[in-house]
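Here is a walk through one protein model with its ligand, written for someone who likes cut-offs next to the numbers. Have the viewer open while you read.

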Amino acid sequence: MYLSAADHRIPLSDGNSIPIIGLGTFSEPKLTPKGMCVASVKTAIDVGFRHFDGAYVYQNEHEVGEAIREKMAEGKVRREDIFYCGKLWTTHHDPEMVRPSLERTLRVLQLDYVDLYIIELPMAFKPGDEPYPKDENGKYLYHKTNLCATWEALEACKDAGLVKSLGVSNFNRRQLELILNKPGLRHKPVSNQVECHPYFTQTKLLKFCQQHDIVLVAYSPLGTSRNPFWVNLSSPPLLKDPLLNSLGKKYNKTAAQVVLRFNIQRGVVVIPKSFNPERIKENFQIFDFSLTKEEMNDIEALNKNVRFVEMLMWCDHPEYPFHEEY
Ligand SMILES: NC(=O)c1ccc[n+]([C@@H]2O[C@H](COP(=O)([O-])OP(=O)(O)OC[C@H]3O[C@@H](n4cnc5c(N)ncnc54)[C@H](OP(=O)(O)O)[C@@H]3O)[C@@H](O)[C@H]2O)c1
């Protein structure tokens, strides 16, 4: 498969389409200067990005919206050129909280609709405005999870025109099946956003998703920022991998470009985060080379089956998704 920059959208099961590369926008709020996200999203639009992955819980959704609106006002892009993915947080799973949560995102973005709205995690936490609710002993406060009820509330948001497509994130096969087999299902999940890169290739989940017309969206496609507070550092840095670097040399590309190319070439959407102008540009330059079948297999064989993003602090939640094989 050779994808050119011009046709880098892939179809979704509901008739919409998704750009195969997007800009991830999660950045540690305390370590990120104000305005850096606005500048980065604007740079990304200038170099060709049209897809932005954000979330209310990232605390910079207003900056993403500001950048998009400024570029629209400049006449650089139209709203319909942009694909924005927002996320429903764990404390807003209760059906009556779903629409207000999406409406809050729209207010913050100052946009009329989002292109994709996804359930960020399949685990419900105590409802409310505290994003990480804990008791006095520091134990997380969970909540009864009813993914089908949450999904029905999302379906109503799509019917109301607040969102074009609906998806999920961090769902395992069983949790996807729960939605797919829901009696009276009106809108199928079009995508599942999960960790995916050469050290965690997700071969089985990818196959399952492809069989069900669900696009796999790869988060942490470059191997994360390696922040020890939330990243499992037992695997070495992905971008230092010798094979990825030698393939980079062959094509006059960087290891980052090789790993992104690997995923898009197998039909996986990538959402690399960068707030550095040079690297934002670099990450988009993946449409002018192609890996051979053998190289794709060699990269696939790097799989270590170890997650960088384990979320072990929530492993006692009844819907913790990563106990199952996939
Ligand atoms: N649904 C979920 O549960 C979930 C979980 C995690 C992430 N996500 C989404 O996925 C996005 C991406 O994942 P991520 O942020 O964990 O990690 P990532 O995209 O794999 O890696 C980001 C890190 O790589 C650096 N980087 C970017 N381009 C580079 C390049 N060309 N060469 C070398 N280093 C480069 C970035 O630094 P600079 O900024 O300095 O370039 C940053 O430190 C997030 O921003 C978020 O939108 C979703």
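What follows covers the aromatic rings, the charges over rings, the ligand site and a few single residues.

This is a predicted model, so local features need pLDDT of at least 70, side-chain atom pairs count only at pLDDT 80 or more, and totals for chains, interfaces and linings use all residues. Numbering starts from 1 along each chain as its sequence is written, and side-chain values use heavy atoms, with hydrogens and water left out.

**Aromatic rings**

A pair of aromatic rings is described by the distance of the centres and the angle of the planes. Here, rings of Phe, Tyr and Trp (its six-membered ring) pair if their centres lie within 6.5 Å; planes under 30 degrees apart count as stacked, over 60 as edge-to-face and the rest as tilted. Searching the whole structure on those terms turns up 14 aromatic pairs. One of them is Trp 89 with Trp 314, an edge-to-face pair with 6.4 Å centre to centre and 65° between the planes. This pair ties together distant parts of the chain, 225 residues apart: Trp 89 comes from the loop between strand S5 (83-88) and helix H3 (95-109), while Trp 314 belongs to the segment after helix H10 (293-300). Helices (H or I, at least four residues) and strands (E, at least two) are DSSP runs, numbered from the N terminus.

Are these two Trp residues buried or exposed? Trp 89 and Trp 314 are both buried. The scale is relative accessible area: buried means under 20%, exposed over 50%, and partly exposed in between (1.4 Å probe, protein chains only). Another edge-to-face pair is Tyr 320 with Phe 322, at 5.5 Å between centres and 75° between planes, and both of these residues are buried too. Back at Trp 89 and Trp 314, the two belong to one aromatic cluster together with Phe 125, Tyr 132, Tyr 140 and Tyr 142.

**Charges over rings**

A charge sits over a ring if NZ of Lys or CZ of Arg is within 6 Å of the ring centre and within 35 degrees of the ring normal. Arg 104 places its charged end over the ring of Tyr 56, 3.4 Å from the centre. Lys 273 does likewise over the face of Phe 275, at 4.7 Å from the ring centre.

**The ligand site**

Lys 273 also turns up at the ligand: of the 28 surrounding residues, the closest are Asp 53, Leu 222, Lys 273, Ser 274 and Arg 279. By class, the shell splits into 12 nonpolar, 12 polar and four charged residues. In that count Ala, Val, Leu, Ile, Met, Phe, Trp, Tyr, Cys and Pro are nonpolar, Asp, Glu, Lys and Arg are charged, and the others, Gly among them, are polar.

| Residue | Protein atom | Ligand atom | Distance |
|---|---|---|---|
| Ser 169 | polar side-chain atom | nitrogen | 2.9 Å |
| Phe 275 | backbone N or O | oxygen | 2.9 Å |
| Arg 279 | polar side-chain atom | oxygen | 2.6 Å |

Taken alone, the ligand exposes 910 Å², and the protein buries 86% of that. Areas come from the Shrake-Rupley method with a 1.4 Å probe; for residues, only the protein chains shown count as cover.

A polar contact is a pair of N or O atoms within 3.5 Å; within protein, one must be able to donate a hydrogen and the other to accept it, and residues adjacent in sequence count only if both atoms are side-chain atoms.

Glu 130 lies in the loop between S6 and H4 and its side chain reaches the backbone nitrogen of Tyr 132 at 3.0 Å. Glu 130 counts as partly exposed because its relative accessible area is 44%. Asp 135 is placed in the loop between strand S6 (114-119) and helix H4 (147-159), where a polar atom of the Asp 135 side chain lies 2.8 Å from the backbone nitrogen of Asn 137. At 25% relative accessibility, Asp 135 is partly exposed.

Most residues other than glycine have a negative phi. Asn 305 has a positive phi near 55°, and for Met 311 phi is also positive, near 55°. Asn 305 is exposed at 59% relative accessible area, whereas Met 311 is buried at 13%.

Notes. Near = heavy atom within 4 Å.
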